[in-house]
Amino acid sequence: MKNILVLCTGNSCRSQMAHGYLNTFTQGKAKIYSAGIETHGLNPGAVSIMKEDHIDISNHTSNHVDEYENIDFDYIITVCDHANENCPYIPSKNAVRLHHNFFDPSKVVGSDSEKHNAFLKARNEIRSYFQAFVNEKL
C-alpha cells in the first residue's frame with residue numbers, strides 16, 4: 001500500500017480537499033495523510049464545498065507535518081507555494097515529490113456567492129489534478 005502525504009501551509013483547506021479526493025479516488029489502494037507546516041483547523045468553506053460533491057471531510061483533523069516524521073512516504077505532494085518553499089525536510093528517501101500551487105479560496109473577500117465560487121474553482125482544480133494523479137501514478 002502506498003503512503004501519500006498532501007502538504008499545505010495550514011492543513012485547513014486545499015490539502016484537506018485533496019485528502020478527501022485521494023481517499024475517494026484510491027479506493028483503499030493508498031493510505032492518505034495531510035498536514036501543514038502550521039495547523040489552522042478545518043476551513044468550513046472547504047467542508048461545505050466538498051459536501052456538495054458528496055465527500056465528507058468534516059471528521060478530518062488539521063495535523064502538523066512533524067506528526068508524520070516516522071512514516072516512509074511514497075509521494076509527498078505540496079499544494080501551495082508557501083509550503084513548498086518553507087517545509088522542513090521530510091526524511092522519506094524514496095518519496096516522489098510533486099508540487100502544484102492551487103488557487104487559495106480562503107483568501108477571497110466578497111459576497112457569499114463570490115466566496116462559494118472561489119471554493120468551487122479550487123475544489124474543481126484539485127479534483128481534476130488528483131484524479132489524473134491517481135490514474136497516472138497508482
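Figure 1. Does Ile57 count as buried or exposed? In this predicted model, local features need pLDDT of at least 70 and side-chain atom pairs count only at pLDDT 80 or more, whereas totals for chains, interfaces and linings use all residues. Residues are numbered from 1 along each chain as its sequence is written, and side-chain values use heavy atoms, without hydrogens and water. Ile57 counts as buried because its relative accessibility is 0% (buried, under 20% relative accessible area; exposed, over 50%; partly exposed in between; 1.4 Å probe, protein chains only). Ile57 is found in the loop that lies between helix 2 and strand 3 (DSSP runs numbered from the N terminus: helices, H or I, at least four residues; strands, E, at least two). Apart from neighbours within four places in sequence, Ile57 is in contact with Gln16, Gly20, Leu42, Ala46, Val47 and Met50 (contact, heavy atoms within 4.5 Å). A separation of 24 Å lies between the C-alpha atoms of Ile57 and Cys87, two residues that are 30 residues apart along the chain.

Figure 2. The 4 strands form an open sheet in the order 2-1-3-4, with parallel pairing (two strands pair if DSSP finds at least two bridges between them). Strand 2 (30-36) and strand 4 (96-99) are the edge strands, each pairing on one side only. From one strand to the next, the twist averages 20° (axes are lines fitted to C-alpha atoms, for helices over the stretch in contact; angles run from 0 to 180 degrees between N-to-C directions).

**Figure 3. Strand 3 and its two partners.** Strand 3 (residues 75-78) runs parallel to strand 4 and is joined to strand 4 by 4 bridges. Within this pair, Tyr75 stands opposite Val96, and Ile77 stands opposite Leu98.

Figure 4. Helix 1 (residues 14-26) lies across strand 1 (2-8) and strand 2, and runs at about 180° to strand 2. Helix 4 (residues 112-137) lies across strand 1, strand 3 and strand 4. Relative to strand 3, helix 4 runs at about 160°.

**Figure 5. Packing of helix 1 with helix 4.** The axes of helix 1 and helix 4 are 9 Å apart, and the two helices pack at an angle of about 40°. This angle makes helix 1 oblique to helix 4 (under 35 degrees, roughly parallel; over 145, roughly antiparallel; 65 to 115, roughly perpendicular; the rest, oblique). Helix 1 contributes Arg14, Met17, Ala18, Tyr21, Leu22, Phe25 and Thr26 to the contact, and helix 4 contributes Ala122, Arg123, Ile126, Arg127, Phe130, Gln131, Phe133 and Val134. By class, the residues of this contact divide into 10 nonpolar, 2 polar and 3 charged (nonpolar: Ala, Val, Leu, Ile, Met, Phe, Trp, Tyr, Cys and Pro; charged: Asp, Glu, Lys and Arg; polar: the others, Gly among them).

**Figure 6. Packing of helix 2 with helix 4.** The axes of helix 2 (residues 44-52) and helix 4 cross at roughly 65° and come within 10 Å. Helix 2 and helix 4 are therefore roughly perpendicular to each other. On the side of helix 2, the contact is made by Gly45, Ala46, Ile49, Met50 and Glu52; on the side of helix 4, the residues are His116, Phe119, Leu120 and Arg123. The contact has 5 nonpolar, 2 polar and 2 charged residues.

**Figure 7. Two loop residues with positive phi.** Most residues other than glycine have a negative phi. Asn11, in the loop between strand 1 and helix 1, has a positive phi near 50°. Asn11 counts as buried because its relative accessibility is 0%. His54, which has its place in the loop between helix 2 and strand 3, has a positive phi near 65°. With a relative accessible area of 75%, His54 is exposed.
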